[in-house]
Amino acid sequence: MIKALVIKEFYQIIRDPSTILISVILPLLLMFLFGFGISLDLNHLRLGIVMEDSSPDAQALVQSFKDSRYFDTKIVRHRQEVLSDVMEGNLRGFIVIPSYFTQFKKSGHIAPIQVIADGSEPNTANFLYNYVQGTVQRQNLIQVEPRFWFNEQLESRHFLIPGSLAIIMTLIGTLLTALVVAREWERGTMEALLATPVGVWDIVLGKLIPYFILGILSMIICVFIASVFYGVPLRGSLVVLLLVTVIFLICALGTGLLISTLAKNQVVASQMAIVSGFLPSYMLSGFLFEISSMPTYIQLITYLIPARYFVQCLQTLFLVGNVWPLILTNMIPMLIYAALIYTLIAKKTTKRLQ
Amino acid sequence: MRIWALIKKELLAILRDPKSRMSILIPPVIQLCVFAFAATLDVKNVSMGVLNLDPGERGFRLVEEFQGSPTFSHITHLRAVKEIAPFIDNQEGIMVLHIDDQFSRLLDSQLPAHVQLILDGRKSNTAQIVAGYAQEIVSKFGHDNVQLVLRNWFNPNLIYYWYNVPSFVAILSMLTALIVTSLSVARERELGTFDQLLVSPLTPVEILIGKMVPGVIVGAAEAFLILTVGVFVFSIPFTGSPLLLLFSLLIFVTSIVGVGLFISSLCATQQQAILGTFVFMIPSVILSGFATPIENMPSWLQPVTYLLPLRYMLVISRGIFLKGIPFNIILHNLWPMVLIALFTLASASFLFRRRLQ
């Protein structure tokens, strides 16, 4: 019985180009955008340098900024010359080497350098300060040696790409299922299906299996692109990755199914899928924005989002390896989520039958 | 005026159905209240580990400096080097400060000493910022001869939602205007009422205007709502001219409506229109410079961003809110949007007309 339904669903997938578009083209587009469009690696930070002091000491300092690959510098004598650039966003900020810089330094005082950053983009401002700090050579007895494990070159792509797989899987699992099932409701074919002797779970499974397979296929394509094209290392095992993906897909598909049963209308279903699936997995999963920096009430919300656990698993599996304690603690909430969602679906769908 | 009748009908079609009313109203509210505070690359409440093998006083003092810093809220003391790996692996903390047993001895005899920071590169952005904070604490502790004095203009405390809310004024009004317009024609087509509209005495331009105006009204109203909430509820400073911002928003929303109608005129079904909206929306948000600055992108990708109205509107909105930018910068970002609006509206009207023949 299920087999017949699955076959029917497959025919529908093959015949409707927009389904293939969502499940193959959209992931490719997203992988492309996340790989190239989002980058936290600032290599050409546009920095103004106001040299009020032109002594050899100050010259040497300026030279170290010129040589740095992180900065594109604009050197001026007076701060008035850079003000409009900061206003227009042509410069991300500037540093001022005051006229008394050398004098202070020679007389054993602490020599100040002023750093002005354009705070209207807070993250860039933060980085500007960090990079300036790293570039200014100083005499200090204590040397700090930072070592970045798992991502020695600090390539933000290695951090972003694994997490972005969670967004793509959410999109396929939730948006696609929501749309497809909502369409059946909209056209009235769902009632027809429910009126047949097929059981509720057969219908649910018949819907889920094809999209589950489609999701796994997309995942394989994405993992392939991630490791071959973007060069993200895969240090964990593929089997564990597959296992985690299966669990997450079950959650995502369930969410999509639940949305479509509630909405029964493609427009509303797509809106709900975006608001409850896509956006949270983008904003609240820790894929880009650090969860521990969010306000407490939002941190609590993130626990309800399966993508949060999936992102952690993905980042660990790609960059670290099979860290079982971490992976297990992230799997259990996903399983609980899945159990809850399918209980709800069963309740909602049987009601329709009566 | 028959255009008025059409505009009225379109507005009613959007606002009468409770579900579609909800879908215009609820998502922006959720996004404004949740995502404006969640979308932060800020680093706070950091958990870190300390492995202090130094028997002397200096190491202890350095650890105290970290304990006193507001950034590091949880400090776990590790006992041996072999505890570092599981600590980082399991994400119990993002950083471990490793002070070796020679630290005090070297410093006391005025010799250079070093401390090691081990950071979790899985979260490369956070790790980098945390390393910066740690570096600063250690520099102060070691008495530098050069001191950096930092001032952040326009947003002195780097409050993230000061950045997010002005951006959301543009992003959320874009979302609404896009969905309202791109689905309007597709739905009529699916239901077959679009043909009735085409055979009515209305000219294609009038139909276009009739479809356009409600989208502009709804989008602009939403932008205005978020703007008011931003200024009066979240107390975000507003330094520029409100009239200029409203004017720019109107042009922005018109260009978005143009894109929406263009998508709509290409699509035969609602599902296609949803897909089209999505394919325009995601690159818009990602490439507009909202998530990460445009100059970080590869140079061959940067020209693509010139095609996105959102790119220009973000500069204007953020600029008028926080920086009080002068008119010439606004103008510089306005005319590309005017061009996009003209192009998309003209193409949409051409496509409508072609259907008529």
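Tutor: Strand β4(A) is largely enclosed by the rest of the structure, because seven of its eight residues are buried; buried means under 20% relative accessible area, exposed over 50% and partly exposed in between, with a 1.4 Å probe and protein chains only. Strands, like helices, are DSSP runs numbered from the N terminus, with at least two residues (E) for a strand and at least four (H or I) for a helix.

This is a predicted model, in which local features need pLDDT of at least 70 and side-chain atom pairs count only at pLDDT 80 or more, while totals for chains, interfaces and linings use all residues. Residues are numbered from 1 along each chain as its sequence is written, chains are lettered from A and ligands numbered from 1 in the order in which they are written, and side-chain values use heavy atoms, with hydrogens and water left out.

Strand β4(A) belongs to an open sheet of five strands with mixed pairing, in the order β2(A)-β1(A)-β3(A)-β4(A)-β5(B). The edges are formed by β2 (71-76) of chain A and β5 (146-153) of chain B; each has a single partner strand, so one side of each is left without a neighbour in the sheet. On average, and with direction ignored, neighbouring strands of this sheet are turned by 20 degrees against each other. Two strands pair if DSSP finds at least two bridges between them.

On one side, β4 (residues 111-118) of chain A runs antiparallel to β3 (residues 93-97) of chain A, and four bridges join the two. Along this pairing, A:G93 stands opposite A:A117, and A:V96 stands opposite A:Q114. With β5(B), by contrast, β4(A) pairs in the parallel sense over eight bridges. A:A117 takes part here too, with B:N152 as its bridge partner in β5(B). Strands of a sheet pair through backbone hydrogen bonds, either parallel or antiparallel.

A helix also lies across this sheet. Helix α4 (residues 80-88) of chain A lies across β1 (45-51), β2, β3 and β4 of chain A together with β5 of chain B, where contact means heavy atoms within 4.5 Å. Helix α4 of chain A runs at about 140 degrees to β2(A); axes are lines fitted to C-alpha atoms, for helices over the stretch in contact, and angles run from 0 to 180 degrees between N-to-C directions.
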